[in-house]
Amino acid sequence: MRQLTISEKEAGQRLDKWLAKYMEKAPKSFFYKMMRKKNIVINGKKVQGNEKLKEGDCVSLYLSDETIENFQEKKRLPQKKKKLEILYEDDQILFVNKPAGMLSQKAKAEDVSLNEYIISYLLEKKELTQQDLVRFQPSICNRLDRNTSGIVVAGKTIAGLQMLSGIFKDRTVHKYYRCIVKGQISKEQKIEGYLRKEEKRNQVFVEKEQSEGASWICTSYRPLKVFPQYTYLEVELITGRSHQIRAHLASIGHPLLGDTKYGDEKLNRQCRERYRLTNQLLHCVRLELPALEEKFSYLSGKVFYAPLPEQFQKILKDLED
């Protein structure tokens, strides 16, 4: 038998979702069977699984330690510490300037991503313990491609996760990126289309008309500086689809410098030779939060910035000279 008291970090989530995190290998049917038999109860009372957990609730598991441990996944964390560029942090949330080359979330079990580095950072600060990880895992709420840099946000508590995930889902957070593209763009514009993804190739295609499996996309951009062969752009990502900015701009003849998947091969070769550029020049530079209520009202309308990577700045300066 095991009794667990719900902490502030965990409060606000459904019991069945909490159980799925605590015993990741267990099928959902197991939890519901145990709840029906009163082998899982809250504060001594029978439960259905949809109850919202509150801070201080006592979850009792009338299960053997061996059963519980067999259903638990061992967390794999980085062996080496990595210094993170923290842009903002409070008790609930964390904003990080992700470097190009780092995964936002792991794609394979053996991967180490920003998510794991954030957990290691919180463990080192003693804001989190190994035991906490069995019951709650801080997590990022927006993804950037491996070779895209810039702002990634994470929830340190369930409340923080829910708030951040909510504003990304309902598109009330404004997301701005910087990039350098091929060709001259002289005016601000908003473009729309439909994006279709081929999972096997991890590649997307932009189409003018809707087709089966294609999602509507909308991208807005404005030129910050126009060079003879390139344009320095600020892009607002209105919808947030996979590879959207890269594929959408390439589809109108303005691929990003360094983009090996959607870019111009000749241009990329020149950038490799001149600047040793091996990734697309795309950086999430700014996030503007919407009006928020109650617990997060202190963040209403706040704007967060991530400075451009050093290589990006050097290339811009070279183009200006």
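View 1. Helices (H or I, at least four residues) and strands (E, at least two) are DSSP runs numbered from the N terminus. The buried positions are L114, N115, E116, Y117, I118, I119, S120, Y121, L122 and L123, and they pack against β5 (86-89), β6 (93-98), α5 (130-135), β7 (139-140) and β8 (149-155), where contact means heavy atoms within 4.5 Å. After α4 comes K126, with a positive phi near 65°. This is a predicted model, in which local features need pLDDT of at least 70 and side-chain atom pairs count only at pLDDT 80 or more, while totals for chains, interfaces and linings use all residues. Residues are numbered from 1 along each chain as its sequence is written, and side-chain values use heavy atoms, with hydrogens and water left out.

**View 2. The crossing of helices α1 and α2.** The axes of α1 (residues 15-22) and α2 (residues 28-36) come within 10 Å and cross at roughly 120°, the axes being lines fitted to C-alpha atoms, for helices over the stretch in contact, with angles running from 0 to 180 degrees between N-to-C directions. The two helices are therefore oblique to each other, given that angles under 35 degrees count as roughly parallel, over 145 as roughly antiparallel, 65 to 115 as roughly perpendicular and the rest as oblique. Where they meet, L15, D16, L19 and A20 of α1 touch F31, Y32 and M35 of α2. By class, this contact has six nonpolar, no polar and one charged residues; Ala, Val, Leu, Ile, Met, Phe, Trp, Tyr, Cys and Pro count as nonpolar, Asp, Glu, Lys and Arg as charged, and the others, Gly among them, as polar.

View 3. Four strands form an open sheet in the order β1-β4-β2-β3, with antiparallel pairing; two strands pair if DSSP finds at least two bridges between them. The edge strands are β1 (2-5) and β3 (45-46), each of which pairs on one side only. Strand β2 (residues 40-42) is joined to β3 in the antiparallel sense over two bridges, and I42 has K45 as its bridge partner in β3. Helix α1 lies across β1, β2 and β4 (58-61), and runs at about 55° to β4.

**View 4. Strand β9 and its pairing partners.** Seven of the nine residues of β9 (residues 174-182) are buried, so this strand is largely enclosed by the rest of the structure. Strand β9 pairs with β14 (residues 282-288) in the antiparallel sense over six bridges, H174 having E288 as its bridge partner in β14. Seven bridges also join β9 to β13 (residues 230-237), again with the strands running antiparallel, and K182 is partnered there by Y230.

**View 5. Y275 and its contacts.** Y275 belongs to helix α8 (residues 265-275) and is buried, with a relative accessible area of 19%. Not counting residues up to four places away in sequence, Y275 touches Q311, I315, D318 and L319. Y275 and D318 are 43 residues apart in sequence and 9.6 Å apart in space, C-alpha to C-alpha.

Key. Buried < 20%, exposed > 50% of the residue type's maximum accessible area, 1.4 Å probe, protein only.
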